[in-house]
Amino acid sequence: MQENSWIPLFPEQASSFAWQVDWLYFYILAVTLFFGVGCAIVIFYFAVRYRETEKFGKGADIHGSMVLELTWTIIPFVIAMTMFIGGAYVFYNLYRPPADAMEIYVVGKQWMWKFQHGTGQREINELHVPVGRKVKLTMTTEDVIHDVFIPAFRTKADVVPGRYTTLWFEPTKPGKYHLFCAEYCGLNHSGMGGYVYVMEQRDYDNWLSGTVSGQTPVEAGKDLFETKLGCASCHQGNDQGRGPTLTGLYGKEQKLTTGQAVNFDDEYIRNSILNPQGQIVEGYQPIMPTFKGQVTEEQLVSIVAYIKSLSGNTGGGNSGASGTGGTGTTSGSASSSSTTVNTPNGATNSTGTINPRRADRGETGNTQGSNPNAPENRSEPTRREER
Ligand code: CUA
């Protein structure tokens with residue numbers, strides 16, 4: 001069970017980079033305290049020591065001091081740079097998932113977390129992982145923005161509709177750790193949480209074999225690709241189809257008809273399914289229909305896993321999508337984000353909670369609202385005044 005650290009109410013350190021986050025935090029806290037308290041003391045001391053003793057007394061004129069000026073420039077500069085470099089280093093560690101991490105797919109929805117292991121196990125609000133293994137979460141949401149936060153691992157990241165974000169950690173201690181949603185997402189936001197169970201490898205193997213494993217994401221994706229959605233009729237393996245063969249493309253650059261190049265990553269695959277006209281690969285016709293509204297986020301994740309596996313990528317994951325930036329650079333990512341909140345049939349709404357369609361922000365294209373100053377509604381001046 002979870003015990004607290006040496007500081008009361010402070011979560012214990014249970015991931016490989018937790019100590020780095022804490023060091024940075026306490027370093028900044030110490031510097032802030034030192035100067036905050038120091039300034040207060042000096043102000044108080046000076047107020048007493050140099051209080052007015054004679055009416056209209058005049059202090060001595062001081063005309064600059066190179067030593068003083070340099071001191072109060074260089075010291076704060078060095079302190080600020082240590083914070084910056086430390087922060088950049090820790091940030092870099094936190095938001096670059098290592099290539100050899102074990103990949104787990106996460107779909108958030110109001111109000112639960114759904115996890116899917118590469119081996120086919122599915123969990124809700126519980127996540128079992130082995131100790132000492134690097135774990136990468138590839139995350140998205142069916143409705144609104146959520147945020148995965150595991151305090152003991154000192155890491156968190158937003159889960160955003162219409163894109164994949166990633167998070168990684170390496171648990172260092174077996175135990176049970178709180179998992180929270182850290183982005184206000186509606187009525188039961190506070191209840192949207194669970195536990196991460198970190199287990200010894202042997203216990204983890206037992207757990208794996210003792211739980212029902214359905215189709216693995218790759219198998220489920222293959223099923224969708226070849227049968228249910230019929231992608232394979234165009235994307236054939238022999239380059240004879242009307243669409244490109246997808247084998248061996250993952251992680252490579254794709255040249256688009258617009259002359260742009262995009263990285264063939266999770267985000268790109270997702271966009272191509274939901275908004276196929278957005279990023280057409282050079283040499284192909286824009287004939288692919290959209291699958292928007294026909295696939296759930298969980299199915300999308302499976303298709304992504306399957307297409308990845310065509311390039312020999314089995315959960316290692318070398319997606320360039322960082323936790324914060326995302327990689328959607330073209331119009332495709334922007335337009336798909338507002339529409340994927342649609343869960344077409346609510347079929348996955350297994351717990352009878354409020355239908356995620358409540359969160360639908362609509363896709364009727366009325367982006368201007370009723371703003372009379374919106375460019376489209378303003379009458380165009382026919383001539384500029386000339387003088
Ligand atoms: Cu999900 Cu707050």
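A: A residue is called buried here when its relative accessible area is under 20%, and exposed when that area is over 50%. The model is a predicted one.

With that cut-off, helix α5 can be described first. The helix is mostly covered, with 9 of its 9 residues buried. The buried residues of α5 are D266, E267, Y268, I269, R270, N271, S272, I273 and L274. Charged side chains are therefore found among them, given that Asp, Glu and Arg are classed as charged. S272 also belongs to the lining of the largest pocket, as described next.

The largest pocket has a volume of about 570 Å³. Its lining is made up of 29 residues, and those closest to the pocket centre are H235, P244, S272, P276 and M288. Two elements, α5 and α6, each give two or more residues to this lining. The biggest share is that of α5, which supplies 4 residues. By residue class, the lining holds 20 nonpolar residues, 8 polar ones and 1 charged one.

P276 is one of the residues closest to the pocket centre, and its place is in the loop between α5 and α6. Is P276 buried or exposed? P276 is buried, because its relative accessibility is 7%, and the limit for a buried residue is 20%. Leaving out residues up to four places away in sequence, P276 touches N271, M288, P289 and T290. P289 lies 13 residues from P276 in sequence, and the two C-alpha atoms are 6.8 Å apart.

The other helix of the lining, α6, runs over residues 297-309. Its 13 residues reach 18 Å from the first C-alpha to the last, close to the 18 Å expected at 1.5 Å a residue. Helix α6 is mostly covered too, with 11 of its 13 residues buried. Those residues are E297, E298, L300, V301, S302, I303, V304, A305, Y306, I307 and K308. An α-helix has 3.6 residues a turn, so residues three or four places apart point the same way. The cover over the buried residues of α6 comes from several elements. Among them are the helices α4 (217-228) and α5 (266-274), and the strands β1 (102-109), β2 (112-117), β3 (122-124) and β5 (135-141).

In the loop between β1 and β2 sits W111. A cis peptide bond joins Q110 to W111, with omega at about 0 degrees. N125 is in the loop between β3 and β4 (126-130). Its phi is positive, about 60 degrees, although N125 is not a glycine. Further along, R154 is another residue other than glycine with a positive phi, near 55 degrees. R154 is in the loop between β6 (146-150) and β7 (155-159). R154 counts as buried because its relative accessible area is 10%.

Another residue to look at is F169, in strand β8 (residues 165-169). F169 has a relative accessible area of 0% and so is buried. Apart from neighbours within four places in sequence, F169 is in contact with F17, L127, V129, R133, K134, V135, L137, I150 and F153. V135 is 34 residues away from F169 along the chain, with 5.5 Å between the C-alpha atoms. For contrast, F84 in helix α2 (residues 66-95) counts as exposed, because its relative accessibility is 53%. The C-alpha atoms of F84 and L24 are 10.0 Å apart, across 60 residues of chain.

As for the chain as a whole, its secondary structure comes to 7 helices and 12 strands. Buried residues account for 41% of its 387 residues. Of the contacts between residues at least 6 apart in sequence, 67% join residues at least 24 apart. The accessible surface is about 21900 Å², and 58% of it belongs to carbon and sulfur atoms.

Conventions. Residues are numbered from 1 along each chain as its sequence is written. This is a predicted model: local features need pLDDT of at least 70, side-chain atom pairs count only at pLDDT 80 or more; totals for chains, interfaces and linings use all residues. Side-chain values use heavy atoms; hydrogens and water are left out. The expected span of a helix is 1.5 Å times one less than its number of residues. Buried means under 20% relative accessible area, exposed over 50%, partly exposed in between (1.4 Å probe, protein chains only). Contact means heavy atoms within 4.5 Å. Accessible areas come from the Shrake-Rupley method with a 1.4 Å probe; for residues, only the protein chains shown count as cover. On a 1 Å grid over the protein atoms alone, a cavity is a set of points where a 1.4 Å probe fits but cannot get out, and a pocket is an open set with protein on both sides within 12 Å along at least five of seven lines; lining residues have an atom within 4 Å of a point. Grid points are joined across faces, edges and corners, and a volume is the space filled by probe spheres set on the points.
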